[in-house]
Every structure is written in C-alpha cells, then in structure tokens.
Amino acid sequence: MQILITEFMDAPAVEALRAHHEVTYEPHLVDDMPRLLAEAAKCDAIIVRNRTQVRGELLAALKPCTVVGRLGVGLDNIDTSACEAKGIRVFPATGANAHSVAEYVIASAMLLLRGAYASTADVAAGQWPRPALSQGRELAGKTLGLVGFGSIGQQTARLAKALGMHVTAFDPALADAHPAFAQLGVTPCTFDDLVSAADVVSLHIPLVDSTRGLFDERRIAAMKKGAILVNTARGGIAEERAIADALRSGKLGGAALDVFAEEPLAPAPHFAGCPNLILTPHIAGLTAESNERVSSLVANKVLEALR
Ligand SMILES: NC(=O)c1ccc[n+]([C@@H]2O[C@H](COP(=O)([O-])OP(=O)(O)OC[C@H]3O[C@@H](n4cnc5c(N)ncnc54)[C@H](O)[C@@H]3O)[C@@H](O)[C@H]2O)c1
C-alpha cells in the first residue's frame, strides 16, 4: 500500500513504515499544494503534522485513503467529521508529547516568575542590575490554574506538585469526583474561580468555537494582578493584542506564547515593548524525545490500521 508523509517525521519511524509499504516522504510537501494533491490521490494512508489542512480540496483528493496519522494531538487542522463521513479513520499521537509540553509550561512559569534571565547583555556589559532583579518570585507555594485537565494538563500538574505548587484545574468533561483530581492532589475549580485566584494560568484545551477568544481583554482583566499566562494550546484561544496590552500595563506579570492565531507568525508589532514575554514557534510539544515517541506511535497505529 502507499503511505504519504507530508511533514517531518522521525527517520526510524519512516523506515518502519517502509519495511511494509511504499512510502513517499517529503517533509516540505505541505508547501506545494499541486504536488500534494497529486500524491494524495494515490495514497492509502496520509501522515501529517499540524500544517497540512486535511479538509476541502485535500480531503476531496484523498480517494483510496482510509487512514490519517496525526503527528501530534490537536485535530483543528483535520475535518474529523468529514473524514468520518468518508470512512477515513484519524489517529492522533495522544499523550506522546505531553511531557515535553508540561516541561515547557513549568520552565516558562519559573523564568517568568523570577523575571531575571534577560539580564545577560547587561551583566556582560558590566552593568550590575541587582537591585532591579531582586524581587523575583518563587514557584513553590504559588497556585497554578490549569484550564483543561486532559493528558497535558495532568502531566503539568504532576511536575508542578513535585515543585511545591498548589494546583487547581477546570475541565467541564471531568466531574469533581474524577479520580485524577485526588490522585494528583489537584483541586477542581470553577472557571471563574480559577481565573481570579491563580498566579499562573496555563491553557490545555482544544481550539473549538466555544474556546475561541476565551482569554480576551475581559477575561484577562479578571486575572490576578501580576499573574503569568502560558498558552501552549492553540492561538486564537488567548488574544495576542489583549495579552500585549496587559503586559505593558502591568496587569499581567508575564506571558509565554507558543501558539498564534496565524502561524508562522508574521512580524508582529503588537508585541513591541512587552516586558517579560517569551515567544516560541510552536515547539512546546517538540523535543528530540517526543518526536521519537510521537513518530513511532503514529507509525504503529498506521501499520495496524492498514493490516
Ligand atoms: N504547543 C504544542 O506543541 C502542543 C503540543 C500538544 C498539544 N497542544 C495543544 O494542547 C491541547 C491539549 O492537549 P491534550 O493532549 O491535553 O488534549 P486532551 O484531549 O487530552 O485534553 C484536553 C482537555 O480539555 C478539556 N476541555 C475542552 N474544552 C474545555 C474548556 N472550554 N475548558 C476547560 N477544559 C476544556 C477536555 O475535556 C479535555 O479533557 C491540544 O488540544 C492541542 O491544541 C499543543
């Protein structure tokens, strides 16, 4: 059978697929729509990351295809109901990059609370900004509010608890009696209480109609003064301009954004002059280790589905 891979995948996992099937692996095919459509028309399975839009024209071109492998977990680039209607099964890499994202959240929260790690140039230049940087905050004892308590939310809670944080979480799909709360020592919370009480708010929810713009100017105004906001979920859930304004006004004490409404992010003057801001190019879930786990998990699922 024919497998088409349109974005980068770990080499040993590609070889595992090649051992059983004919594989077309072109990590940049996502950027060449005419060729992508031509190759799609021939494949029995397609493997994508988050940039290939499995909908509309591409979905129509996927004639013999019965399997979509997703090298990641968010499914907002895949029209899952249209896939289902066509009899195409979708396999995400559930849980395989959760630890990478959780470490990113904790590392960002520590850096932003401390607020002292941008001093390299000043220190090397012989300045000694010690008084200005002596009011950093500790992570231990602070409250982390997790919006979404699925695999990444729960893994983040594990790390945060080990470092002495109080952790609250809101997830409409989990009853307060769900064992995950008690097992991890996490307090279930209403959304409003979480937003107003947390020192660090971290988002771990899918982008759907009901979560688009969830952290807008009004919601950010309801956060604690000086709180940190971390968005590794999806751009569009937290509004970039509202975050930038809140950083400049001092309402937010820091923010880490790994995801953006438009990716790649074009030059973004709205972030100019924002203090204590970390911007990364959608890599929270992407490490050498997670790439290996995600790729081998998806390769195995696709192999099994084609059997
Ligand atoms: N930046 C990255 O590299 C990266 C990597 C992996 C995942 N992600 C993003 O992180 C998100 C979370 O991933 P996951 O593996 O934990 O998914 P998951 O499906 O295991 O958990 C998501 C949870 O969010 C809950 N939820 C849905 N709507 C909610 C709402 N309005 N308020 C609170 N909770 C809500 C769901 O009930 C579910 O428990 C993904 O949807 C994806 O968009 C980003």
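**Entry 1: salt bridges**

How far apart in helix α1 are Glu15 and Arg18? They are three residues apart in that helix (residues 11-18), so about one helical turn separates them. I took helices as DSSP runs of H or I with at least four residues, and strands as E runs of at least two, numbered from the N terminus.

This is a predicted model: local features need pLDDT of at least 70, side-chain atom pairs count only at pLDDT 80 or more, and totals for chains, interfaces and linings use all residues. Residues are numbered from 1 along each chain as its sequence is written, and side-chain values use heavy atoms, with hydrogens and water left out.

I searched the whole structure and found eight salt bridges. The term means a side-chain nitrogen of Lys or Arg within 4 Å of a carboxyl oxygen of Asp or Glu. Glu15 and Arg18 form one, with the closest N and O atoms 3.1 Å apart. I then checked exposure (buried is under 20% relative accessible area, exposed over 50%, partly exposed in between; 1.4 Å probe, protein chains only). Glu15 is partly exposed at 44%. Arg18 is partly exposed too, at 38%.

Next I looked at helix α2 (residues 33-40), where Glu39 and Arg35 are four residues apart, about one helical turn. Their salt bridge has its closest N and O atoms at 3.4 Å. Is Glu39 buried or exposed? Glu39 is buried, with a relative accessible area of 16%. Arg35 is partly exposed at 33%.

Lys224 is partly exposed at 34%, whereas Asp199 is buried at 12%. I also noted a network: salt bridges that share partners join Glu26, Arg35, Glu39 and Lys42.

**Entry 2: ligand shell**

How many residues surround the ligand? I counted 24, the closest being Ile152, Asp171, Thr232, Asp258 and Gly285. A residue is near if one of its heavy atoms lies within 4 Å. By class, the shell has eleven nonpolar, ten polar and three charged residues. Ala, Val, Leu, Ile, Met, Phe, Trp, Tyr, Cys and Pro count as nonpolar; Asp, Glu, Lys and Arg as charged; the others, Gly among them, as polar.

I listed some N and O distances. A polar side-chain atom of Asp258 lies 2.9 Å from a ligand nitrogen. A polar backbone atom of Ser151 is 2.9 Å from a ligand oxygen. A backbone N or O atom of Ala233 is 3.2 Å from a ligand oxygen. Taken alone the ligand exposes 860 Å², and the protein buries 81% of that. Areas are Shrake-Rupley, 1.4 Å probe; for residues, only the protein chains shown count as cover.

**Entry 3: Arg248**

I found Arg248 in helix α11 (residues 240-249). Arg248 is partly exposed at 39%. Which residues does Arg248 contact, leaving aside neighbours within four places in sequence? They are His270, Phe271, Ala272, Gly273, Cys274 and Pro275 (contact: heavy atoms within 4.5 Å). Arg248 and Phe271 are 23 residues apart in sequence and 9.3 Å apart C-alpha to C-alpha. A polar atom of the Arg248 side chain lies 3.1 Å from the backbone oxygen of His270.

Notes:
Polar contact = N/O pair within 3.5 Å; in protein donor to acceptor, adjacent residues only side chain to side chain.
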